[in-house]
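Hi everyone, thanks for coming along.

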Amino acid sequence: MKKPSIEQYLVANCLFTIDEFNILYRGYDKENLKKEADEKFNEMDITVRIGYPFKQNAHYTVGESSKTKKEQKINHDLFIEPHDFKIEIKYLKNWKSASNTWSATKNWSVFQQDFDWLMDEIDAHGNGKAAFVIGWFNCVDSFSQLIQLGKGGGAYPIVDERKLAYFPFLTREKEPTITKDLKYNYSSAYKERHLNLISTRKGQYNCIFLGNEKDLFHFVIYY
């Protein structure tokens, strides 16, 4: 008997969260919404919202260590035991540096580790059991303010094509493309997209972007 796959559960949970924030922050401008995003929310807040509909079946593994692999940190934040679902979650926001510029809170290497973990899980066990969820408030001008998508340094780096391949819901306005010119392609929302990675990986890795221009929160689910 065929059962719902992990992304089918997660799409519903994420849409409920988007609805919650749309109601809670209705009427907020981007400046005030960003203040809320930076000061009142962290990764665990989003993790709990995604796990809550699973009720007592959700085990929050954030910060736990594995009993194997020399006590390494567990690579997923949620474990749903009845379905054997493993879910890693990242919440995006940025911060103002000493030079008075805004920067992503996490280096790209953190995200690459999560993508590698997911692809390893899919390669080993097939699709439908592991997922990586990224969530963020729609309160900045460019997605590149929340995650490092450039190569090299400088205020306006050229887009790194290897990184961009993980985000098929972004579109470029001109060539060559600098990171701040990347925009959301909302016409691709709610549709499954295959990742065309620039790598030696041969598995099928998919994603779905959730959100429209008026939504105050966005998600992307990788599975």
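Let's start with Lys40, which is exposed, at a relative accessible area of 57%. For the cut-offs, buried is under 20% relative accessible area, exposed is over 50%, and partly exposed is in between, with a 1.4 Å probe and protein chains only. Please keep in mind that this is a predicted model, where local features need pLDDT of at least 70, side-chain atom pairs count only at pLDDT 80 or more, and totals for chains, interfaces and linings use all residues. Residues are numbered from 1 along each chain as its sequence is written, and side-chain values use heavy atoms, leaving out hydrogens and water.

So who is the partner of Lys40 in a salt bridge? That is Glu36, at 3.6 Å, N to O; by salt bridge I mean a side-chain nitrogen of Lys or Arg within 4 Å of a carboxyl oxygen of Asp or Glu. Glu36 is buried, at 12% relative accessibility. Both residues sit in helix α2 (residues 30–40), 4 residues apart, which means about one helical turn between them. Helices here are DSSP runs of H or I with at least four residues, strands are runs of E with at least two, and both are numbered from the N terminus.

Next, Glu43 and Lys106 form a salt bridge at 3.2 Å, N to O. Glu43 belongs to helix α3 (residues 43–51) and Lys106 to the loop between β5 (102–104) and α4 (108–125), so this pair ties together parts 63 residues apart in sequence.

My last pair is Lys174 with Asp181, at 3.8 Å, N to O. Asp181 is buried, at 8% relative accessible area.
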